[in-house]
Amino acid sequence: MFALAASRRHGRREWVLADDGQDPPHQKHGRLLVEGACKQANVSYRPHDLRHFHVNGLIAAGCDVATVQRALGHSKATTTLDTYFHLWPTAEDRTCKAAATLLADSLRTAIGMHAV
């Protein structure tokens, strides 16, 4: 979970959480960091909640199944789909969003034309 590559620069991965040598921390150390931060903030959590949060963000950003599968380390895409299928937008969701965007753009144009 904590060995998430944020980006690649000069052919080298850069990690979201890294030690002084720029390597990801051991899983136990990363967990202790998160537990300490949550305790200070008086927030309860389960470590697995962070995994679900990460997946939600990837899907909301438009990542496809194969990308999320690789990020989670699932060996099969079906594992990812069986667990997170409900988070991907449906055709109906995309249609509603497209219609809302079209309407908003049309209203902005109409308002802009009257402001002249």
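These legends go with several close-up views of one predicted protein model.

**About the model.** Residues are numbered from 1 along each chain as its sequence is written. The model is predicted, so local features need pLDDT of at least 70 and side-chain atom pairs count only at pLDDT 80 or more, while totals for chains, interfaces and linings use all residues; side-chain values use heavy atoms, with hydrogens and water left out.

View 1. The protein chain has five helices and two strands. Helices (H or I, at least four residues) and strands (E, at least two) are DSSP runs, numbered from the N terminus. From that end, the order is β-β-α-α-α-α-α. The chain has 116 residues, and buried residues make up 14% of them. Buried means under 20% relative accessible area, exposed means over 50%, and partly exposed lies in between (1.4 Å probe, protein chains only). Take the contacts in the chain with a separation of 6 or more: residues 24 or more positions apart account for 26% of them. Here, contact means heavy atoms within 4.5 Å.

**View 2. Helix α2 meets helix α3.** Two packed helices are described by the angle between their axes and the distance between the axes. Helix α2 covers residues 47-60 and helix α3 covers residues 65-72. Their axes come within 10 Å and cross at roughly 155°. That makes α2 roughly antiparallel to α3. Axes are lines fitted to C-alpha atoms, for helices over the stretch in contact, and angles run from 0 to 180 degrees between N-to-C directions. Angles under 35 degrees count as roughly parallel, over 145 as roughly antiparallel, 65 to 115 as roughly perpendicular and the rest as oblique. The crossing of α2 and α3 is right-handed. On the α2 side, look for Arg51, His54, Val55, Leu58 and Ile59. They meet Val68, Ala71 and Leu72 in α3. By class, this contact of α2 with α3 has six nonpolar, one polar and one charged residues. Ala, Val, Leu, Ile, Met, Phe, Trp, Tyr, Cys and Pro count as nonpolar; Asp, Glu, Lys and Arg count as charged; the others, Gly among them, count as polar.

**View 3. Leu58 sits in helix α2.** Leu58 is found in α2. At 18% relative accessibility, Leu58 counts as buried. Leaving aside neighbours within four places in sequence, Leu58 is in contact with Cys63, Val68 and Ala71. Leu58 and Val68 are 10 residues apart along the chain, and their C-alpha atoms are separated by 6.8 Å.

**View 4. Helix α3 meets helix α4.** The axes of α3 and α4 come within 9 Å and cross at roughly 100°. The two helices are therefore roughly perpendicular to each other. From α3, the contact uses Val65, Val68, Gln69 and Leu72. From α4, it uses Ala77, Thr80, Leu81 and Tyr84. By class, the contact of α3 with α4 has six nonpolar, two polar and no charged residues.

View 5. His74 has its place in the loop between α3 and α4 (77-84). Thr80 lies in helix α4. His74 is buried, with a relative accessible area of 17%. Thr80 is buried too, at 0%. A polar contact of 2.6 Å joins the side chains of Thr80 and His74. Another polar contact, of 3.4 Å, joins the side chains of His74 and Arg51. A polar contact is a pair of N or O atoms within 3.5 Å; within protein, one must be able to donate a hydrogen and the other to accept it, and residues adjacent in sequence count only if both atoms are side-chain atoms. Beyond four places in sequence, the contacts of His74 include Gln69, Thr79 and Tyr84. Those of Thr80 include Val65, Phe85 and Trp88. Thr80 and Val65 are 15 residues apart in sequence and 7.1 Å apart in space, C-alpha to C-alpha.

**View 6. Asn42 has a positive phi.** Most residues other than glycine have a negative phi. Asn42 has a positive phi of about 55° although it is not a glycine. Its place is in the loop between α1 (27-40) and α2. Asn42 is exposed, with a relative accessible area of 72%.

Methods
A crossing is left-handed if the near helix is turned anticlockwise from the far one by less than a right angle, and right-handed if clockwise.
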